Amino acid sequence: MTKIALISDLHNELLRDSGNAIPDIKLNREVDALVMAGDIDVQEYGVRYAIRQSRILDIPVVYVLGNHEFYQTHDRPVMDKILDEIEGTNVHVLNGESVEIAGTLFIGATLWTDFELFGLNSKNRVLSHAAFNFNDYDNIRLVDKLFSPAFTPTTSSIWHEADKAFIQAELAKDYDGKKVVVTHHAPSLQCLPVFERKDLISACYASHLDWMIEKYQPNAWLHGHIHYPNQIQVGETTIISNPSDYPQFSEIPEYYQPLVFQVT
């Protein structure tokens with residue numbers, strides 16, 4: 001039995017930019033791991049925050065990058081900065097990697113999207129809509145690609161396929177303990193609120209991976225990106241999100257309080 005605290009989508013960059021204090025995380029129960037499912041802050045600031053929380057709370061942190069962690073790149077690739085920051089800490093950034101904590105294997109990747117949430121027949125319409133309406137394509141720059149630095153829907157699709165292949169390979173392996181997948185992007189249309197399930201832009205937030213979940217039945221799948229908390233069941237797998245919200249739209253709390261639950 002592993003106790004997990006989950007939080008995502010803090011968007012602390014907005015508080016930093018406005019000069020407001022950034023709340024720490026408060027736990028009312030002991031947990032084995034704190035999971036941060038992306039969009040904590042841009043660039044290396046997110047893991048700096050994670051390192052601070054890990055030290056204050058004295059627990060390991062499992063962190064997957066959201067799309068916003070890739071915003072504001074201007075010098076080095078974000079992963080290079082992050083790897084420098086987390087060396088020697090108890091923060092595990094899972095960018096196509098797994099880590100075992102308290103008898104649970106955490107399988108982590110951003111996931112991105114393949115734009116096939118509504119099927120292949122709708123993919124071209126989705127791609128066109130995303131290219132003109134989704135902020136990632138204006139705000140993410142790939143500084144290690146000197147002649148094609150723009151992040152595009154094609155890049156997202158390529159990264160999605162790599163992350164999906166990694167997750168599937170990890171789920172297929174024999175493991176005696178529990179398996180928990182952690183992604184930023186959502187793995188199912190069911191993760192979206194009902195009123196967004198026909199919106200083309202939703203294909204930038206979720207992918208149709210119900211087949212993978214039903215085949216391998218991980219104990220839990222944790223995600224962020226969709227700014228609505230949810231807990232649903234796909235087969236034997238519990239899918240959970242616990243996002244915060246853009247701080248300019250809500251009162252800034254004294255502490256962030258994650259959702260705490262048990263994987264049994």
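First, the ground rules. This is a predicted model, where local features need pLDDT of at least 70, side-chain atom pairs count only at pLDDT 80 or more, and totals for chains, interfaces and linings use all residues. Residues are numbered from 1 along each chain as its sequence is written, and side-chain values use heavy atoms, leaving out hydrogens and water.

Now the overall build. The protein chain has seven helices and 13 strands. These are DSSP runs, numbered from the N terminus: helices are H or I with at least four residues, strands are E with at least two.

How does the radius of gyration fit a compact globule? For 264 residues, such a globule would have a value near 18 Å, and the protein chain has 17 Å, which agrees. The radius is taken over C-alpha atoms, and the globule rule is 2.2 Å times the number of residues to the power 0.38. Along its principal axes, the C-alpha trace spans about 50 × 45 × 35 Å.

Next, burial. Of the 264 residues, 53% count as buried. Buried means under 20% relative accessible area, exposed over 50%, and partly exposed in between, with a 1.4 Å probe and protein chains only.

What about contacts, meaning heavy atoms within 4.5 Å? Take those with a separation of 6 or more: residues 24 or more positions apart account for 73% of them.

On to the rings. A search of the whole structure finds nine aromatic pairs. Rings of Phe, Tyr and Trp (its six-membered ring) pair if their centres lie within 6.5 Å; planes under 30 degrees apart are stacked, over 60 edge-to-face, and the rest tilted.

Here is one pair. Phe 134 and Tyr 205 have ring centres 5.5 Å apart and planes at 75°, so the pair is edge-to-face. The pair links distant parts of the chain, 71 residues apart. Phe 134 sits in the loop between helix 4 (123–133) and helix 5 (136–139). Tyr 205 sits in the loop between strand 8 (178–183) and helix 7 (210–216). Phe 134 is buried, at 8% relative accessible area. Tyr 205 is partly exposed, at 25%.

Last stop: Asp 80, in helix 3 (residues 78–86). Is Asp 80 buried or partly exposed? Partly exposed, at 38% relative accessibility. Its C-alpha atom is 9.2 Å from that of Glu 44, 36 residues apart along the chain.

Technical notes: Contact means heavy atoms within 4.5 Å.
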